Amino acid sequence: MDTKISFTLNGKARTITTDPDRSLLEVLREDLQLTGTKFGCGEGQCRACTVLLDGVSTPSCITSIGDVDKTEVVTIEGLANGDKLHPVQEAFVSEGAFQCGYCTAGMVLGVVGALKKNPKASETEVMAEMQRHICRCCSYEKYKTAIQRAMAQNGKAAA
Amino acid sequence: MKTIPPEIPQPDVEEINYDELVERVDYDFGLSRRSFVKVLGAGLLLAVSLPAIAQESGRRSRAGGARNLGARIHIGKDGVITVLTGKVEGGQGARAELSQAAAEELGVPLSSVRMLMADTGAVPDDGGTYGSMTTPRTVPPVRQGAAAARALLIEFAMQQWQVARETVQMRDGKIFDAAGKRSLTYADLANSDEAAQLLEQAIPADVKLTAVNEWKVLGAPALRPNARDIVTGAHKFPSDITRAGMLYGKILRAPSYGAKLISIDLAPAKAMKDVVVVQDDQFVGVAAPNSSLAETAMQKISDTAKWETVSHPSSKELFDYLKQNTEGGVPKNPFADELTGAKVVRKEYHIPYIQHAPLEPRAAVAEWSGDQLTVWTGSQNPFGVRGELAHAFHLPPENMRVVIPDFGGGFGGKHTGECAIEAARLAKAAGKPVSLRWTREEEFTWAYFRPAGVIEAEASLDAQGKIATWHFININSGAQAVDTPYTVGKRNCHYIASRPPLRHGSYRALASTANNFAREAFMDEVAAAAGADPLEFRLAHLENPRLRAVLEKAAKEFDWSTRVKKTDANLGVGLACGMEKGSFVAACAEVQLDRKANQIKVTRVCQAFECGKILNPANLLAQVQGGIVMGLGATLREEMQFEQGRITNASFRKYRVPRFDDLPELDVHLLDRPDLPSVGAGETPIIIIAPAVANAVFHATGKSVRALPVNLVAA
């Protein structure tokens, strides 16, 4: 049965009426045309579909839209501040971290989520979170360097 | 394809017809003939014979390249320069590299060049993007086209100013006169009356190219031009393409390989509002305004489907099955008579099926306008997909436009157009655009696999400890690199076909991963029989100077001679080398074993790689690093398991690809050779990872490794 669901999406209030069992990923991509969030596996195993749900990095493919009611969702489209990229996005571009780029949106939000959870997180802690993400091009070395760069930036910003 | 002028020596790259390696799904939706689908489960069912596709497959020998300058380079009146190519970007770096090639010869900054890639309605057919061919085969014609455009601009300036060639100079994308006062740009050329006519001319084969020592853009690191759109989510991958009124599709899949649909009741789906249902013999699909509805509709009808199944070998009996089903039996060692009294080593190697598992599963959006079709899809072979569509719908290829947006990974796994055809069939029935995106399970089950293989190797040593005879037979997985690069007394190296139980096709470096694994693991066994160090034994049998150079470099940087002497029962080192697609690679690996947990941790990989003159060092490093780590997945864990025609590990939960914690310490050495032509590099770095790790396990345990993935219990 269709239900009315209200949430904040990339800073704006949204209300949609749909089947609450549909996945957040599907609604983002098909109803709201926010295709930056990717489908990779549909079972939370690869994290290409990562969004921030109340600041926590969350696989949107196994999150039903009904559960998003009254929460705050940030997708990759909502991360940059106008033309100014988020420092994690900036670091990923500077390091040429990705190859095909399909996992990138999820990777970016994974790092942002890890640093939101604990702004003083150690590299080991952040990498433990990132263990949930798959890059099939296996560009892990460059991603790791980019994450270190982003963390250094974050450290400067926090200081 | 244009003839390459003498300035660019042709690299020694073997000609391979990639399209013959890949089994296609033979969809046929002709109106007059009875429509059918040759269902997968290839080898057990039907040999695929597709003359129409072969003609339209866009394979290299048929790929025409650009017919004239205007077909390769478009100069806008606003000065924007667009380079047109049939190559695709799937993460391997073609977009950056071809931009560099054009910018270098045009004499403009990299940022001034736009690439229009893989839109069959607009670009020349440069052949498929595989076989590491973009660098040796497409960079040269792009350079030639760009150099021809620069020559036009120079000529244009000479005519405008009525001056001699030596008085004009190219600087910062402009032509200046001797005094440096007057200048002309590509925009001026484009706005001239003669422009259209000038661009109609053929690209002269003898156009002068910029010498390597004068390069400013090529040879320097270049980032992917659309990197910003990737990190903001703005880039539209094939699965992100949206069209007005678009529906989302779902295809009925057989419950097991080779199963035939006997009956199905479509009524439950037809009763659903806004749902389109189509059956065309074995092909059944639905399309609906969103994916959930499409899934629900498909579930309802698939519950009613009756199937006739066939028997199918399981992965447990795979290797016996392959051996028993060879074409004409397994050849015997022709040197058998010479083995008496000699030291002989004989081993058998097993290579499982694995899946490319690109992170973006196959996806396509199809839109008809009358009998004209446009499809956006992720494929390495745009003109090949166009041919498949034309074949399936009995329409001329000119009616089919295939657009390949930069897509989410291929690794040799996306040569075909089955998803495009399926989306097009649904769109035809719906009268609306349809987006079809395969699930991960579909990708793991219905995409083609890297071929499994059995390799039989037998070698004998002479009194000096040199290899006297070498017998090496690859069953099923392919001919690539089946021959040995080592100097041996007599050799007998062959590939023989079997009846593959799964649909197979290309993979990163083709059969080279299998043949290099077996050969290099076997070399360590033969070296052990000779009582020789693996490095010394290889060097004693190796003449190719480029292969020697990478092997010696990797061994030196890894400090092989010191590390190999260490005796820690849980620490091992191994090395391997090989060549492929004209490039050369060697790696040393260190492993740490946890015997109780049956775990192998690769702690360090030192690789030396050489592919001629390096065009984009940043991207090359990424390709090498990615190839190494992807290779670790196939070495340590990846293996398709199947039973009764079903894949039993069709998910990332069960089929475990590399993650961050698999990343070893990487020590990569790229050998730049400005004196040699550039060849591709996306494939070769992977070929020696499995044997280097296997040999390291052999070193630590004293038990040799003869199967992938490497299992400590078996070793």
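Modeller: Counting residues as in contact if their C-beta atoms, placed from the backbone, lie within 7 Å, 46 residues of chain B are in contact with 44 residues of chain A. This is a predicted model, where local features need pLDDT of at least 70 and side-chain atom pairs count only at pLDDT 80 or more, while totals for chains, interfaces and linings use all residues. Residues are numbered from 1 along each chain as its sequence is written, and chains are lettered from A and ligands numbered from 1 in the order in which they are written.

On the side of chain B that touches chain A, α7 (227–232), α9 (291–302) and α18 (617–636) of chain B each supply at least two residues. Helices here are DSSP runs of H or I with at least four residues, strands are runs of E with at least two, and both are numbered from the N terminus. With six residues, α18(B) gives the most to this side. By residue type, this side of chain B holds 20 nonpolar, 16 polar and ten charged residues. Nonpolar means Ala, Val, Leu, Ile, Met, Phe, Trp, Tyr, Cys and Pro, charged means Asp, Glu, Lys and Arg, and the others, Gly among them, are polar.

Let's stay with chain B and turn to a sheet. Seven strands of chain B form an open sheet with mixed pairing, in the order β11-β12-β9-β18-β15-β16-β17; two strands pair if DSSP finds at least two bridges between them. At the edges are β11 (276–280) and β17 (400–403) of chain B, each pairing on one side only. From one strand to the next, the twist averages 20 degrees. Axes are lines fitted to C-alpha atoms, for helices over the stretch in contact, and angles run from 0 to 180 degrees between N-to-C directions.

Strand β16 (residues 372–377) of chain B runs parallel to β17(B), and four bridges join them. Here Trp376(B) stands opposite Val403(B) in β17(B). Helix α11 (residues 382–393) of chain B packs on the sheet and touches β16 and β17 of chain B. The direction of α11 makes about 145 degrees with that of β17(B).

Finally, a glance across at chain A. A domain assignment, which is automatic or from a database, gives chain A domain 1 (3–76) and domain 2 (87–158). The C-alpha centres of these domains of chain A lie 21 Å apart.

Methods
Two residues are in contact if their C-beta atoms, placed from the backbone, lie within 7 Å.
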